[in-house]
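Hi,

Here is the structure I promised to pass on. Have a look at it first, then read my notes below with the viewer open.

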Amino acid sequence: MCMVIFAPLFAVFAFALCGGYSGQITVKVECLDKTQSNISISFSYPFRLQQVHFNAPLCEGKRHETLFLEGDYSSSTQFFVTVSVLAFLYSLLATVVYIFYQNKYREKNRGPVLDCLVTVVFSGLWLVSSIAWAKTLSGLKTALDVGQMQLLMSACRDPENLCETLEEPAWTNLNMSVAFGFLNFSLWAGNIWFAYKETGLHKSGQRYPSRTPSEKRSSSFRQYSQSSFDQSGAGFEQRLYSQASFDLSSGSFSLPQTNLGPPMLYRQMGSPTSKGPLIFVNESQ
Ligand SMILES: *[C@@H]1O[C@H](CO)[C@@H](O)[C@H](O)[C@H]1NC(C)=O
């Protein structure tokens, strides 16, 4: 459920905040003879700074110089955006397959095993690309430091002229994109366990030891909650149908899941008078 909503959403945030970024630096140059000019330097994704150039006055009559920024920060940035876009597409595809092609997905356990492997791969990619992008971003901030910009211009290196920074680049979106990268890593890495459970491989070789009476209650509860958890995957369609039978008014796919999730279980456990399935399990043993 978490993966269905948050994985595509967080992936969109990660690549939109990074790929849609453009920043600007404005420096006011006031020469000794009081002639003023505002110099704007714009840069954007994928941060090939060696292609960014601007004209700066030399404060010697009307002469100008053309300056280029230095550094190519595109490789890690594009890697990060590529991973985000692929993760977004995969999580959409997985949702569609899971909901509409449930039978094909279960066939010979191929779907769950593939999903588990892809989840592991994407977790690794998210971690590596987020670290690389965070490192690149700190390099980018150093390269675009406003003091550094002023040192580039010969007019500003001359103390007779006045240089003032009017506009600094806003880093918020890029910082957030890094944060979303790491958030996505924790989401995908955390989901490895659930993807692994879906494969059913954990069941082979798992045996419960013979229980003592004092242990009985807690372990039967564990068994119950385990089987109810498994149902959330296997009986997905079944639950949809049962939901539809008593709540015809809800038309979307996400609503039934929300209504039939853990809250229903809590409600049964929470009220002391109701006889929930939990109590039946205990009595039957
Ligand atoms: C430069 O920008 C400042 C502040 O926005 C403005 O007051 C000034 O007139 C501008 N100078 C030129 C030459 O455009």
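Start with strand S1 (residues 22-30), which is joined to S2 by 9 bridges, the two running antiparallel. Keep in mind as you read that this is a predicted model.

How many strands form the open sheet, and in what order? There are 3, in the order S2-S1-S5, and the pairing is antiparallel. At the edges sit S2 and strand S5 (162-167), each of which pairs on one side only. On average, neighbouring strands of this sheet are turned by 25° against each other, if you ignore direction. As background, the strands of a sheet pair through backbone hydrogen bonds, either parallel or antiparallel.

Which residues are around it? They are Lys28, Gln36, Ser37, Asn38 and Leu166. Sorted by class, the shell has 3 polar residues, 1 nonpolar and 1 charged.

On to the helices. Helix H2 (residues 74-100) packs against helix H4 (residues 110-143) at an angle of about 155°, with the axes 9 Å apart. An angle over 145 degrees counts as roughly antiparallel, so that is what H2 is to H4. The crossing of H2 and H4 is left-handed.

H4 has another partner in helix H7 (residues 172-199): their axes come within 8 Å and cross at roughly 160°. H4 and H7 are therefore roughly antiparallel to each other too. Their crossing is left-handed. In the contact of H4 with H7 you'll find 19 nonpolar, 8 polar and 2 charged residues.

An unreviewed UniProt entry lists residues 79-101, 113-134 and 176-196 under "transmembrane region". What does the model show over residues 79-101? That span is 96% helix and 0% strand, and its end C-alpha atoms lie 31 Å apart. For residues 113-134, the chain is 100% helix and 0% strand, with the end C-alpha atoms 32 Å apart.

Finally, some backbone details. Most residues other than glycine have a negative phi, and most peptide bonds are trans. With that in mind, look at these spots:

- The peptide bond from Tyr45 to Pro46 is cis, with omega near 0°. Pro46 is in the loop between S2 and strand S3 (53-57).
- Cys59 is not a glycine, yet has a positive phi of about 60°. You'll find Cys59 in the loop between S3 and strand S4 (64-68).

Cheers

Methods
Residues numbered from 1 in each chain as written. Predicted model: local features only at pLDDT ≥ 70, side-chain atom pairs only at ≥ 80, totals over all residues. Near = placed C-beta within 6 Å. Nonpolar A, V, L, I, M, F, W, Y, C, P; charged D, E, K, R; others polar. UniProt positions renumbered as here; feature names shortened; annotations may be inferred. Helix = DSSP H or I, 4+ residues; strand = E, 2+ residues; numbered from the N terminus. Pairing = 2+ DSSP bridges. Axes fitted to C-alpha atoms, helices over the stretch in contact; angles between N-to-C directions. Parallel < 35°, antiparallel > 145°, perpendicular 65-115°, else oblique. Left-handed = near helix turned anticlockwise from the far one by under 90°.
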